[in-house]
Amino acid sequence: MKAQKRGVVLPLPGSDPVTRKKKYKRFTVYGSEREAKKRFREVAERLRNPETLPAGAGATVEEYLRFWLENYGETKLRPTTLANYRAIISKHIVPMIGALKLEKLSWQHLQALYRKKQQEGLSARTVRLIHAIMHRALGWASDERRRIL
């Protein structure tokens, strides 16, 4: 049985300084109404008390990816996608580059990761998924509003 999709809208404090319109956070919850209300409360609490990147500027790739999954993945990804991302991150990404400081991460590290995974016999699809996860996570970090990278 497929989980029912529910759209939830959460009003944010304050308003847009230019348009003076109230801001809202939209997200989707898959499951029952009870699960939607629970998720609504969790997101509302997180918005009231925003988390900062663990260990500040000295965060490792592993710490950042866990932070990204909590703050982006849990609100934007379907549960099965989130579970797949967690598995790929813990099995393939963290063992190779997880201990590396986020600020030291370069394209050469990522190319080495992809090449090593291809040499290990991973399918091209899995290597592309690893790339997609890293691209999405690092793109979220470099967004001007977050100023993580």
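Predicted model: local features only at pLDDT ≥ 70, side-chain atom pairs only at ≥ 80, totals over all residues.
View 1. A nonpolar core here is a set of buried Ala, Val, Leu, Ile, Met, Phe, Trp, Tyr and Cys residues joined through side-chain atoms within 4.5 Å, and buried means under 20% relative accessible area with a 1.4 Å probe, counting protein chains only. Numbering starts from 1 along each chain as its sequence is written, and side-chain values use heavy atoms, with hydrogens and water left out.

**View 2. The whole chain, for orientation.** Five helices and two strands make up the elements here, and from the N terminus they run β-β-α-α-α-α-α. Both kinds are DSSP runs numbered from the N terminus: helices are H or I with at least four residues, strands E with at least two. Buried residues account for 33% of the 149 in the protein chain.

View 3. How are the rings of W68 and Y72 arranged? Their centres sit 5.3 Å apart and their planes meet at 10°, so the pair counts as stacked. For the rules: rings of Phe, Tyr and Trp (its six-membered ring) pair if their centres lie within 6.5 Å, and planes under 30 degrees apart are stacked, over 60 edge-to-face, the rest tilted. Both residues belong to helix 2 (residues 61-76), four residues apart, or about one turn of the helix. W68 and Y72 are both buried.

**View 4. The aromatic cluster and the contacts of W68.** Y64, F67, W68, Y72, Y85 and W140 form one aromatic cluster, and the structure holds five aromatic pairs. Leaving aside residues up to four places away in sequence, W68 touches G73, Y85, I89, I133, R136, A137 and W140, where contact means heavy atoms within 4.5 Å.

**View 5. T60, a buried loop residue.** T60 sits in the loop between helix 1 (33-48) and helix 2. Is T60 buried or exposed? It's buried, because its relative accessible area is 14%. A polar atom of the T60 side chain lies 3.5 Å from the backbone oxygen of G98. Not counting residues up to four places away in sequence, T60 touches G98, A99, L100, K101 and L102.

Note on methods. Buried < 20%, exposed > 50% of the residue type's maximum accessible area, 1.4 Å probe, protein only. Polar contact = N/O pair within 3.5 Å; in protein donor to acceptor, adjacent residues only side chain to side chain.
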